[in-house]
Amino acid sequence: MISARRLGKRFGRKRALDRVSFDLAKDGFLLVTGANGSGKTTLLRLCAGLAAATSGELEVRARREEIGYVGHEPLVYRELTALENLTLFARLYRVPAGEARVGMLLERFGLWEERGSRAGDFSRGMLQRLALCRALLHDPELLLLDEPYNALDARGAEVLDRELKDLAGARTFVVATHDPDRVSALATARLAFA
């Protein structure tokens, strides 16, 4: 699904990635670890097509509409409600039975009671739950998750644990996390940055 050969990314004089190589098979699970500033986020942004490499080669065998991405920003419209956000994204992605899928995800991630509340009024943890709903909404083939447990309470983390476990082996994952123990049993490949 993803092949990287001597992948590099620079921001001016700063080297964010240096000669990174890996292969991730379809339905594989790549666990990416490393210190802050080591290049984890940059790698996921490159795989998502949100940034371009400055050296090396990167092949991602998934179309943009087949990718679900969760980054440091939730990428939702804060002036819209949770329900409006997911309904909008369901239309954009042409999700079959979009209304039912939206309702199911809101319920599963504990946001059903808050569906009519503006995303701008959500706590950081609730925004993270909504971002996860957005990323999963169109049932993507490739999920790129950058610190997906960030700001989640215990219940939210348990829901995410269940989702990852249920989808592992049926979807391709690249997960960057400071808490590798949560997902290490699911990993089929690992990449550790210094």
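Across which strands does α1 lie? In this predicted model, where local features need pLDDT of at least 70, side-chain atom pairs count only at pLDDT 80 or more, and totals for chains, interfaces and linings use all residues, helix α1 lies across β1, β2 and β4. Residues are numbered from 1 along each chain as its sequence is written, and side-chain values use heavy atoms, with hydrogens and water left out.

**The sheet and its helix**

Let us begin with the strands. Helices (H or I, at least four residues) and strands (E, at least two) are DSSP runs, numbered from the N terminus. Three strands form an open sheet in the order β2-β1-β4, with antiparallel pairing; two strands pair if DSSP finds at least two bridges between them. The edges belong to β2 and β4 (55-60), each with a single partner strand, so one side of each has no neighbour in the sheet. From one strand to the next, the twist averages 25 degrees.

Strand β1 (residues 2-11) is joined to β2 by 7 bridges. At one spot you can find phenylalanine 11 opposite lysine 14, which is in β2.

Now back to α1, which runs at about 120 degrees to β1. Axes are lines fitted to C-alpha atoms, for helices over the stretch in contact (heavy atoms within 4.5 Å), and angles run from 0 to 180 degrees between N-to-C directions.

How many of the residues of α1 are buried? The helix is mostly covered, with 7 of its 9 residues buried. Buried means under 20% relative accessible area, exposed over 50%, and partly exposed in between (1.4 Å probe, protein chains only). The buried residues of α1 include Lys40, Leu43 and Cys47. After α1 comes glycine 49, with a positive phi near 80 degrees.

**Pockets and a cavity**

Next, the spaces in the model. On a 1 Å grid over the protein atoms alone, a cavity is a set of points where a 1.4 Å probe fits but cannot get out, while a pocket is an open set with protein on both sides within 12 Å along at least five of seven lines; lining residues have an atom within 4 Å of a point. Grid points are joined across faces, edges and corners, and a volume is the space filled by probe spheres set on the points.

In the table, Ala, Val, Leu, Ile, Met, Phe, Trp, Tyr, Cys and Pro count as nonpolar, Asp, Glu, Lys and Arg as charged, and the others, Gly among them, as polar.

| Space | Volume | Lining by class |
|---|---|---|
| Largest pocket | about 290 Å³ | 9 nonpolar, 2 polar and 2 charged residues |
| Second largest pocket | about 170 Å³ | 2 nonpolar, 8 polar and 4 charged residues |
| Largest cavity | about 50 Å³ | 8 nonpolar, no polar and 1 charged residues |

The largest pocket has about 290 Å³ of space. Its lining holds 13 residues, and Leu50, Arg64, Ile67, Tyr69 and Tyr93 are the closest to its centre. The largest share of this lining, 3 residues, comes from β5.

In the second largest pocket, 14 residues form the lining, and Gly37, Ser38, Gly39, Lys40 and Thr41 lie nearest the centre. Both β2 (14-24) and α1 (40-48) give two or more residues to this lining. Here α1 gives the most, with 3 residues.

The count comes to 1 cavity of 30 Å³ or more. Among the residues that line the largest cavity are Leu132, Leu145, Glu163 and Phe173. At least two residues of the lining come from each of α4, β6 (142-146) and α5 (154-167), and the largest share, 4 residues, is from α5.
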